[in-house]
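Visitor: I would like to learn how to read a model like this one. Please take me through it feature by feature.

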Amino acid sequence: MHQNYSDEEQDPDKQQSGHDVGVKGQNQNIQQASQEIKDKKMTLEEIKQSGRAERQRRREERRRQQSDSDSESEYLVGKLAEIAISVKEPDLVEGTGLIYDKRMLKHENLWDKDYPEKPSRISGPFQRCCELGLTERCIWLEALHSTEDMVLLQHSQELIEKLKRTTEMSTEELKAEALKYDSVYFNQTTYECSLLSLGSTVELMEQILKKKVRNGMALIRPPGHHAMTEEFCGFCYFNNVAIAAKHALENFKLKKILIIDWDVHHGQGIQQMFYNDPRVLYFSIHRYEFGKFWPHLRESDYDFIGEEKGMGYNINVPLNQTGMTDHDYLAIFHQILMPIAFEFNPDFVVVSAGFDSAIGDPKGEMGVTPAAFAHLTHKVMSLAQGRVAVILEGGYCLKSLSESAALTLRALLDDPCPRIPPSQEPCDSVTESILNVIKVLRPYWKCLQYQGFTSDPCPFEEVNQSPPKPDIILITEENKPKEYPESLEPTKMEEYYKVEKRLSPVIDRIIASTNLSKAKDRTCIAYDEGMRAHCSTASYYHPESPDRITRIFDKHTEWGLTQRCTRVETRMATEAELTLIHSSAHVEEIKSLEEKNPFELKKLESNYQSIYLCKDSYFCARMAAGFVLDVVDNVLTGQSQNGVAIVRPPGHHAECSRAMGFCFFNNVGIAAKYAQNKYNVKKVLIVDWDVHHGNGTQHQFYEDSSVLFISLHRYDQGFFYPSTTEGCHTKVGTGEGRGFNVNIAWNKGPMGDSEYITAFQQVVMPIAYEFGPELVLVSAGFDAAMGDPLGCYSLTPAGYGHMTHMLSSLANGKVVLVLEGGYHLTAISNSMAMCTSILLGDGCPHLPYVQPKDSAVKCIQDVLDVQKQYWKSLKFRVNIKTDKKEDTEEAKQEEIERQKEDEDMKKIHELAEQLKDVTVFKDTENPREDVVVVENVTEDTEDVEQKKVHTEQPLKGEKSAVPEQSVLGGSDQTKGLSQETYCGGTEESGMGGGDSPGGNNVEKDPTTVCAGGGQSLGAEGGSDAPEASPVSANEVLRQLEAQGHTQMFAVTPLPWCPHLETVTPVPRGRIDTGSPCEDCGDLSENWTCLVCYKIYCSRFVNEHMLMHGVMETHLMCLSFSDLSVWCYGCDHYIDNPALFEAKNAAHLHKFGTSLPRPLCLS
């Protein structure tokens, strides 16, 4: 992206003093102006003034015509339909439904008052929900009796009749009936309560699907997930969840339903009913102990994955030891459930919510805390646009059951998840179970790609074995008991409840220590029009424009978000606050800008990378930092739960003593230090999802274990801005900070929602839970959004919303989003508004699944390989033994390709290091044999001095004047180079990033030569070069082409412009690229007009093409240097099939070969 698009925007002081950068020098002779100009007696200055006036008139006219466009840049970009993003305001469905009915208390065991499945199982949780004030916030739904027709969706008429007959039986007859079934009792109200329990489940589901409520919970009994088609079992009579799911499929025409069963007992009834049905994904986490635990079924093991069309849609995660805790369950969610659920993409989610895995439960003997269930619920709420029904199943420790159910309801109400202690290493037993599940499901789910599959044994021995265990007796149809006398035996209270009694004090401490506080307001927002004052005086179209924040705030207002947020007051960061991160000298340097005149500011810009300056830069940078601190104050004092800072200029590139990449002060870095100093926050998580690596933030906390910095950024082997290897995945921190710096560095993009969501599931969230932050700061750049001209990635507002939702489960919901980059006004407006909507508690939008790119999978694998030595939650990145030949061969091939890529990556990194120290010149005699010789550079002085650079044949027209600073910036060694030295405009690409004839002098930074993937270099600029080293530009091209970079643009050209219609056919089909300028005869740097095909020199010679364009209104021209096409009317490069004929004619003359014909023209 270029900053200086035409001379019309140049500083008038420079022009008047003879220093216009469009002129070759102070004494540039302009007597050679065209005869047409002489006849009209117009000076060059008059031409420019006339052009400026005309452009201003057209701009105002377009603004009037485009009433729905707030800026000129939006008008231009708005014409690009293929990258425009139109997002509707979220369809808000509010409210959490709750069903509870005292009539279900009538179902009780008549011969054993201490029986575990008793009425207090629902009255206790309901009472706790009342104590926490949750029930009054819910929408009450009526408990209805189910019809027999509904029951028949999954059960036989015979089973219904059996239960109906119990209504008239005596106690002895009921006992005799109970003997026939495993763990079942009856009384005269069992049938009524079963119908009521089922009817309530169906009613809740229907209300959610009819959008009367967003989600809901049914506190019902008897439970249902063990009930089978022809058999009562395990306290269950009718299978509530299975029947409701079948009803939704058949009568509401849902296509996909996810059933999550986290009851500690396997729900074999649900499994059997959908075992061959791909419309229902059944996911069960249950205690198994290789079959020793009830119900002792072989089908409860991990290798029972469905049959026929349902293969892969039945998932069992067997827990083979007791004592599993929060981190074990979180690992299951992170590694298996959430990745598969996102790929499955359900229309509706039902949770068979048994709380018998909660700590203290005498049946489950697990150790999951009540708060953990809130986290699990929160994760599930990101699916199916939040359409989630939680149906009570088991749970037999009343204290932990009540608290767990209440916190689950609290999560459905979208209260913040209580902060849980940092997660510990998942136990080896659950690790084996997870890996075994992945082993058998990998052929069916594309998301399970993060383990190696080889013939070598897995380090976890159980993964190398196949079930079942030989010494364990499992229940089958053949050995199934005829009667179950234990159903009539009284409960042995002392033995049964000894676990609960022993852990009761622990449960009390956990409940007392769980912070259920909630801020008075939900979300605070920071915005002030004053930050618009920082603007570029050189170009109206600079990407970091004032309109960025205005458009974002307007979108918030349009969606009704600002009305729901609390506005924070404007304040300026103090100098003391700025020096929490920055040196005093740096603060003084930026402060001094207020006293400088425009000429001095323009001259100073050349000292920075990708920075423009104005008198208000310091004021706006202080306001931006101050606003972020205000939001942090608001959140940490409990006034708001979370916050959003719509601020500019951004901050994450700003170093301790250096402004760069549009950034002056590191807003998020300052906020982290501020929170630690003022509020004694021990752990801060910074997530930077800006498309550019947050180099400034990384450097500030590189040795600090109290701040975990995770950056997801476009890297392209170090060629994307900031164009250093600091963003590599191997940069993990030093000293105490080792492991607390996590770079998810993308190569070979473009990446989108699937890649980012996968990175969150596999890396970000497991590490974040293990870290356990007290505050989450998000460097929320939106330049990875679809349509962004700098990032060239394809994230959607929905993708950003889901990432925000995941982060909001951390730190008791204390999350602050701070705007960084993002340069497509529509994309950033929708994306940030979506994030705010999620923070306000709105449901996650629908997010279609797309398989992550292979290159993204490899990037994530690389991160896991490096980081797993620091984070135990990443221990699942291991090899899994497979006996299948095709898997082994595939693994071998993957390993070969991986080794080759690693070698290529090594070469690229070596090259990147060399490119930090070189300047590339072009030998015009040998176009593809570029030789670079750079003398030593001394960095001791304040101004880096460069010795004279020699080439075998100096480039004609080489300029000695320092060119004007551009958006891309540049290192000190590269100032004053011709665009022909920049390999972004290779012969192969047919499009370059060099100087335009219309006012674009892009500084060339050798560290950013040839951004990968045919996309933009990224933005914000290059990097400084500490030492000198020679390298061939052809070496650069060969290495990049070997990596698949077939198109290399220095900027992203517009694919369409309204002036294409003025392009005329090439005369005689030939363009002579060696022709001189028709006015001055110069041969060094010429362009041809694509309207009349006259040939004139560029602005760096005598500006004759510029003059021709202004006088004749011929706006389209083609460069003989790099075959790029420039449009004066749009101030941008253009690449469109309509230009192929002219480009091909020039390429044929210049290189003797034709360009590949575009498919659309074939």
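Guide: Start with confidence. This is a predicted model, and its chain averages a pLDDT of 83, with 78% of the residues scoring at least 70.

Visitor: Over which residues does pLDDT stay under 50?

Guide: Where pLDDT is low, the predicted coordinates should not be read in detail. Here pLDDT stays under 50 over residues 1-44, although the model has 119 contacts beyond four places in sequence for them. Residues 66-85 are also below 50, and that stretch has 39 contacts beyond near neighbours in sequence.

Visitor: Next, the sheets. What is the strand order in the open sheet of 8 strands?

Guide: Strands of a sheet pair through backbone hydrogen bonds, either parallel or antiparallel. In this sheet the pairing is parallel and the order is E2-E1-E3-E8-E7-E4-E5-E6. Strands E2 (139-140) and E6 (314-319) each have a single partner strand, so one side of each is left without a neighbour in the sheet.

Visitor: Now the aromatic rings. How many aromatic pairs are there?

Guide: A pair of aromatic rings is described by the distance of the centres and the angle of the planes. The count here is 27 aromatic pairs. In one of them, Phe 186 and Tyr 237 have ring centres 5.6 Å apart and planes at 55°, so the pair is tilted. These two residues are 51 residues apart: Phe 186 is in the loop between helices H8 and H9, and Tyr 237 in the loop between strand E3 and helix H10.

Visitor: Is Phe 186 buried or exposed?

Guide: Phe 186 has 0% relative accessibility and counts as buried. Tyr 237 is buried too, with a relative accessible area of 0%.

Visitor: Which ring has the charged end of Lys 363 over it?

Guide: That ring belongs to Tyr 396, and the charged end sits 5.9 Å from its centre. Tyr 396 is also linked by ring pairs into a cluster with Tyr 115, Tyr 185 and Phe 235. Elsewhere, Lys 256 lies over the face of Phe 344, at 5.5 Å from the ring centre.

Note on methods. Residues are numbered from 1 along each chain as its sequence is written. This is a predicted model: local features need pLDDT of at least 70, side-chain atom pairs count only at pLDDT 80 or more; totals for chains, interfaces and linings use all residues. Side-chain values use heavy atoms; hydrogens and water are left out. pLDDT is the predictor's confidence in each residue, from 0 to 100. Contact means heavy atoms within 4.5 Å. Two strands pair if DSSP finds at least two bridges between them. Helices (H or I, at least four residues) and strands (E, at least two) are DSSP runs, numbered from the N terminus. Rings of Phe, Tyr and Trp (its six-membered ring) pair if their centres lie within 6.5 Å; planes under 30 degrees apart count as stacked, over 60 as edge-to-face and the rest as tilted. Buried means under 20% relative accessible area, exposed over 50%, partly exposed in between (1.4 Å probe, protein chains only). A charge sits over a ring if NZ of Lys or CZ of Arg is within 6 Å of the ring centre and within 35 degrees of the ring normal.
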